[in-house]
Amino acid sequence: MKKFILKMVILAILVCSQVGCGKYESRNYRGDYPATIMINGRNYYSTDTAVPVEVDESVIQYTTSYAENGVPQKDGEDNFNRNTETPYAILKDGMVVVFMNNEWIEFKEKE
């Protein structure tokens with residue numbers, strides 16, 4: 001019986017130690033850089049806030065490249081999705097939104 005309990009304790013320790021080994025990635029962050037997109041020569045950063053908006057298809061644009069060094073350097077470049085053509089839009093009120101994880105996420109310039 002003692003052997004069984006000892007095996008279960010060791011197994012529990014191994015399982016618990018493996019839980020912490022998973023790599024944590026916020027949905028909008030890549031390494032040391034916050035999720036960023038360059039639009040009209042300015043970098044916009046994710047607020048990680050979903051916005052319940054209906055975006056008119058006529059204003060939707062798509063990313064064109066991925067910033068390998070972590071910071072976008074040209075319009076349409078992002079640092080959070082290696083696949084190009086991530087939808088984004090500038091709304092009438094000037095709000096920038098990017099379609100990520102099946103929702104529109106607000107991006108803002110740093111103040």
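**Entry 1: two phenylalanines**

I looked up F80 and F107 in this predicted model, and both are buried. Next I checked how their rings sit: the centres are 5.8 Å apart and the planes are at 45 degrees, so I noted the pair as tilted. F80 lies in the loop between strand 7 and strand 8, while F107 belongs to strand 10, so the pair ties together parts 27 residues apart in sequence. My search of the whole structure gave 2 aromatic pairs.

**Entry 2: the nonpolar cores**

Which residues make up the largest nonpolar core? I found 11 in all, including F80, F107, Y44 and M100. Strand 3, strand 9 and strand 10 each give two or more residues to this core, and strand 9 gives the most, with 3. I also came across a second, separate core of 7 residues, with V55 and L91 among them.

**Entry 3: charged side chains**

How many salt bridges does the whole structure hold? I counted 3.

- E109 meets R42 at 3.8 Å, N to O. They are 67 residues apart, with E109 in the segment after strand 10 and R42 in strand 4.
- R82 meets E68 at 3.1 Å, N to O. Each sits in a loop, so the pair ties together parts 14 residues apart in sequence. R82 is exposed, at 55% relative accessibility, and E68 is exposed, also at 55%.
- K108 meets E106 at 4.0 Å, N to O. K108 is partly exposed, at 43%, whereas E106 is buried, at 15%.

**Entry 4: a lysine and a ring**

Last, I looked at K110, and I found that K110 lies over the face of Y45, 4.8 Å from the ring centre.

Note on methods: Residues numbered from 1 in each chain as written. Predicted model: local features only at pLDDT ≥ 70, side-chain atom pairs only at ≥ 80, totals over all residues. Heavy atoms only, no water. Phe/Tyr/Trp six-rings, centres within 6.5 Å; stacked < 30°, edge-to-face > 60°. Helix = DSSP H or I, 4+ residues; strand = E, 2+ residues; numbered from the N terminus. Buried < 20%, exposed > 50% of the residue type's maximum accessible area, 1.4 Å probe, protein only. Lys NZ or Arg CZ within 6 Å of the ring centre and 35° of its normal. Core = buried A, V, L, I, M, F, W, Y, C linked by side-chain atoms within 4.5 Å.
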